[in-house]
Amino acid sequence: MNALQVLLTICRRILLRTSIVVALGIGLLANALAVSDQAEANSAAFPASEITLVMPFGEGGATDVLFRAIAEQAQTYLEVPVTPVNMPGNGATLGSRYVQEAPADGYTLLGSHQTIDLAYFAGLSDYSHDAFEPVALLTRTVNIPSTYAGHPVTQANHIAAMVEQRPGELLFGIVANSTDNFFWLQFFELTGISADDVQFVRYPDTGAQVVALLGGELDFAMLNLPSANQLFSAGALLPLGVASEARLLALPEVPTLIEQGVELVNTTDRGIFAPLDTPPERLERLADAFEQALAQPAMTHTLQYTHGTVVDFRPREAYERYLGEQYQQLQALAEAVSFER
């Protein structure tokens, strides 16, 4: 190889190395610009358009009533509409799966409760609350075993005696694998009732149970003040006890289950969830708006006095811890009452 060939070879090598360096530089620059664009998008004004709040239950139930009231107030602080959408079906998993698969941009939220984990324990879904980003815990609603006016049973602690007298005949309404299903199994465990001695009648949501109870098609259903307060007041439905440590301000004459000898405290704990990987700053913006909504005295008064519901706001880190603790408790209880996957 002569001197000219050697020089040409060296030049080619220099050009090749320079091209590689340039290509790497362009790649790094592109990545940096992409990260910058994403950061800019995440930090842009949020929200800039309507937010959809999916409720995996039908109209008229407590989840529907409460989230509609709270969302109406929260949109004042978000400065965009918050539109509640009912999406019942498949044991409340149709709506939750829809949100799970939605874009992680903060514009599609889930309003739900323990049913996310209960559906998982029952084998109805392949995901628990870990499949979502928690936004905030909002409220806890006291549950109330109920019947229709004129039913022979007038207190919850009388149910066991009637089941014994009429095994296999009494009808209990439930949303399969949801909080009311779980409530009755706990109630049976504490009162010595065998689930084999009753009939569970499945409904898509609480509203359908209320209609059936009013028509005398059911003996009992687990209701609450958001779904049945007006009917309690009118005497059309009868609350048999309240599953709380103290009597409800809206039902001062109704004894607690504890007063009746049934050591059961049971609340439905409702919160907001978002798809996984939703930007943290958007989660915080949403949580802040819901906190401000719940802080309004008129809202707090309505929730407590009309809906038998306490405000228990917990931002996302605290809610995440709460969900983890609750998961362990629900799992242990589910095993005890044969609420199995």
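Are F121 and Y327 buried or exposed? In this predicted model, both F121 and Y327 are buried, and the two residues form an aromatic pair whose rings are tilted, with 5.0 Å from centre to centre and 50 degrees between the planes. The pair links distant parts of the chain, since F121 belongs to helix α4 (residues 115–121) and Y327 to helix α11, 206 residues apart.

The count of aromatic pairs comes to 15. In another of these pairs, the rings of F46 and Y107 have their centres 5.1 Å apart and their planes at 75 degrees, and because an angle over 60 degrees counts as edge-to-face, the pair is placed in that class. F46 lies in the loop between α1 (3–43) and β1, whereas Y107 lies in the loop between α3 (93–100) and β3 (108–112), so the pair ties together parts that are 61 residues apart in sequence. Buried residues are those under 20% relative accessible area, and therefore F46, at 10% relative accessibility, counts as buried, as does Y107 at 15%. Ring pairs also link F172, F183, W184, F187, F188, F200 and F220 into a cluster.

In soluble globular proteins, nonpolar side chains tend to be buried together. The largest nonpolar core of the model holds 29 residues, of which I51, L109, V135, L138 and I272 touch the most other members. At least two residues of this core come from each of β1 (51–55), α2 (62–78), β4 (132–142), β10 (267–275), α9 (280–294) and α10 (297–306), and α9 gives the most, with seven residues. Apart from this core lies another, of 21 residues, with F187, I193, A243 and L257 among them.

The lining draws at least two residues from each of β4, α6 (179–191), β10, β11 (309–315) and α11 (316–336), with α11 giving the most, namely five residues. By residue class, the lining of the largest pocket divides into eleven nonpolar, 13 polar and four charged residues.

Definitions and conventions
Residues numbered from 1 in each chain as written. Predicted model: local features only at pLDDT ≥ 70, side-chain atom pairs only at ≥ 80, totals over all residues. Heavy atoms only, no water. Core = buried A, V, L, I, M, F, W, Y, C linked by side-chain atoms within 4.5 Å. Buried < 20%, exposed > 50% of the residue type's maximum accessible area, 1.4 Å probe, protein only. Helix = DSSP H or I, 4+ residues; strand = E, 2+ residues; numbered from the N terminus. Nonpolar A, V, L, I, M, F, W, Y, C, P; charged D, E, K, R; others polar. Phe/Tyr/Trp six-rings, centres within 6.5 Å; stacked < 30°, edge-to-face > 60°.
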